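Notebook open, structure loaded. I'll jot down what I look up as I go.

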Amino acid sequence: MPPNYTLYLVTDSTAPILKGRDLAKIVKDAIDGGVTIVQYRDKTSDTADLIRTAKELHKITKAAGVPLLINDRIDVALAVGTEGVHIGQDDIDIATARKILGPEAIIGVTASSEEEAIAAVKGGANYLGLGTVFATPTKENTKSIIGASGVRDILSRISQLPNSEHVGTVCIGGINAANVQRVLYQSHSPDKSLDGVAVVSAIVGADEPRTAAQHLYDLILRAPAFA
Ligand code: TZP
Ligand code: MG
């Protein structure tokens with residue numbers, strides 16, 4: 001069974017978003033609100049802290065039956081036994097990640113262009129994170145802002161590849177409750193649909209992550225263009 005990508009939470013550990021709050025509590029509340037899959041993304045902690053936090057988050061996600069993926073750090077994923085990793089274009093290659101983590105691991109890849117998406121599908125990625133949809137302070141220096149139309153073009157292109165129906169797709173970047181239905185509508189491709197939406201600040205940065213997740217989940221499920 002492929003994961004449920006409907007509402008994909010990517011965490012953040014920086015002060016402007018976390019605001020001194022406990023990440024584990026935010027993740028728990030977000031799952032209670034409807035988050036279906038979680039990526040632990042932390043670009044600043046050292047390895048020992050990454051492993052400590054990943055273990056803490058994994059207890060919570062496992063109890064809820066929600067997969068936990070680790071951003072960038074395949075060693076941390078392996079050490080903690082999480083369900084997978086999310087890798088960017090500058091990280092370890094998919095084949096090596098697959099060799100290390102095994103056939104059951106969920107391996108996600110960021111793709112900002114048709115070329116990157118095609119390579120990731122052919123390389124055996126389980127899902128693609130498509131974006132950056134809108135410029136966002138959460139990830140500075142994003143290589144490319146592709147808009148909802150860029151997501152649609154990638155979906156339509158990869159639909160022509162064999163086996164692409166087995167590859168999940170989420171969009172990411174600047175998505176929140178105010179724009180999520182429009183993003184889903186404008187990124188809709190008749191050839192291949194999005195499986196979900198990934199957010200950071202719209203949930204982690206919200207005053208009430210549980211309510212924020214509930215609202216987003218509801219909006220996604222009610223979006224006219226969401227399959
Ligand atoms: N990859 C592309 S944009 C982004 C990542 C990790 C950050 C998205 O953050 P937000 O707060 O949902 O805009
Ligand atoms: Mg990366």
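**Entry: a helix residue.** I started with L78, which sits in helix α4, residues 74-80. Helices here are DSSP runs of H or I with at least four residues, strands are runs of E with at least two, and both are numbered from the N terminus. A note on provenance: this is a predicted model, where local features need pLDDT of at least 70, side-chain atom pairs count only at pLDDT 80 or more, and totals for chains, interfaces and linings use all residues. Residues are numbered from 1 along each chain as its sequence is written, with chains lettered from A and ligands numbered from 1 in the order in which they are written.

Leaving out residues up to four places away in sequence, L78 touches I100 and L101; contact means C-beta atoms, placed from the backbone, within 7 Å. I also checked L78 against A206: they are 128 residues apart along the chain, and their C-alpha atoms are separated by 31 Å.

**Entry: the barrel.** In what order do the strands close into a barrel? I read eight of them, β1-β2-β3-β4-β5-β6-β7-β8, with parallel pairing. The twist averages 25 degrees from one strand to the next. Angles run from 0 to 180 degrees between N-to-C directions, and axes are lines fitted to C-alpha atoms, for helices over the stretch in contact.

Helix α10 (residues 209-222) packs on the sheet and touches β1 and β8. Its direction makes about 140 degrees with that of β1.

I then followed the pairing, which takes at least two DSSP bridges between two strands. β1 runs parallel to β8 (residues 196-199), joined by three bridges, and L9 stands opposite V199 there. With β2 (residues 37-40), β1 pairs in the parallel sense, again over three bridges; I37 in β2 is the bridge partner of Y8.

β7 (residues 168-172) also pairs with β8 in the parallel sense, over three bridges. C171 stands opposite V197 in β8.

Methods. Two residues are in contact if their C-beta atoms, placed from the backbone, lie within 7 Å.
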